[in-house]
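Here's a quick walk through one model, going from a single side chain out to the whole chain. Have the structure open while you read.

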Amino acid sequence: MSDLECREFVEQVTAFLEGALSTEAEQDFVDHLALCDGCERYLDQIRQTSQALTDLPAAALPGDARSALLNAFRDRR
């Protein structure tokens, strides 16, 4: 068993939910999940957030709002 750290766990959550982890990485993820209440809560929160976003109606942003958001994210780097 690998000793997956919480930071690594958080970095792998999306890949886990999408089924994109290797068999070994997924086992390490599940092993960590069984031992870490904080990461279990984190995964549950991500699942709930994802589900809530899925349930939202698709709405297009106006072009200027979309551009402003994309620029804001680019400027953060």
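## Histidine 32

Histidine 32 sits in helix H2 (helices are DSSP runs of H or I with at least four residues, strands are runs of E with at least two, and both are numbered from the N terminus). This is a predicted model, so local features need pLDDT of at least 70 and side-chain atom pairs count only at pLDDT 80 or more, while totals for chains, interfaces and linings use all residues. Residues are numbered from 1 along each chain as its sequence is written, and side-chain values use heavy atoms, with hydrogens and water left out.

Is histidine 32 buried or exposed? It counts as buried, because its relative accessibility is 11% (buried is under 20% relative accessible area, exposed is over 50%, and partly exposed is in between, with a 1.4 Å probe and protein chains only). Setting aside neighbours within four places in sequence, histidine 32 is in contact with Leu4, Glu5, Cys6, Phe9 and Cys39 (contact means heavy atoms within 4.5 Å).

## The nonpolar core

The largest nonpolar core has 11 residues: Leu4, Phe9, Val13, Phe16, Leu21, Ala25, Phe29, Leu33, Cys36, Cys39 and Leu43. Helix H1 (6-17), helix H2 (23-35) and H3 each give two or more residues to this core. By definition, such a core is a set of buried Ala, Val, Leu, Ile, Met, Phe, Trp, Tyr and Cys residues joined through side-chain atoms within 4.5 Å. In soluble globular proteins, nonpolar side chains tend to be buried together.

Take phenylalanine 29 as a way in. Beyond its neighbours within four places in sequence, phenylalanine 29 is in contact with Leu4, Phe9, Gln12, Val13, Phe16, Leu21 and Leu43. Glutamate 8 lies 21 residues from phenylalanine 29 in sequence, and their C-alpha atoms are 9.0 Å apart. Glutamate 8 belongs to helix H1 and is partly exposed, because its relative accessible area is 28%.

## Salt bridges

How many salt bridges does the structure hold? There are two, a salt bridge being a side-chain nitrogen of Lys or Arg within 4 Å of a carboxyl oxygen of Asp or Glu. Side chains of opposite charge can pair when their charged atoms come close.

Arginine 7 pairs with glutamate 11, with 3.5 Å between the closest N and O atoms. Both residues lie in helix H1, four residues apart, or about one turn of the helix, and both are exposed. Shared partners join Glu5, Arg7 and Glu11 into one salt-bridge network. The link between glutamate 5 and arginine 7 is at 4.0 Å, N to O, and glutamate 5 is partly exposed because its relative accessible area is 46%.

## A surface patch

Leucine 61 is in the loop between helix H3 (37-54) and helix H4 (63-76). It counts as partly exposed because its relative accessibility is 48%.

## The whole chain

The protein chain has four helices and zero strands. Its radius of gyration is 17 Å, whereas a compact globule of 77 residues would be near 11 Å (taken over C-alpha atoms; the globule rule is 2.2 Å times the number of residues to the power 0.38). The C-alpha trace spans about 50 × 30 × 25 Å along its principal axes.

Of the 77 residues, 18% count as buried. The chain exposes about 6,300 Å², with carbon and sulfur atoms supplying 51% of it.

Methods:
Accessible areas come from the Shrake-Rupley method with a 1.4 Å probe; for residues, only the protein chains shown count as cover.
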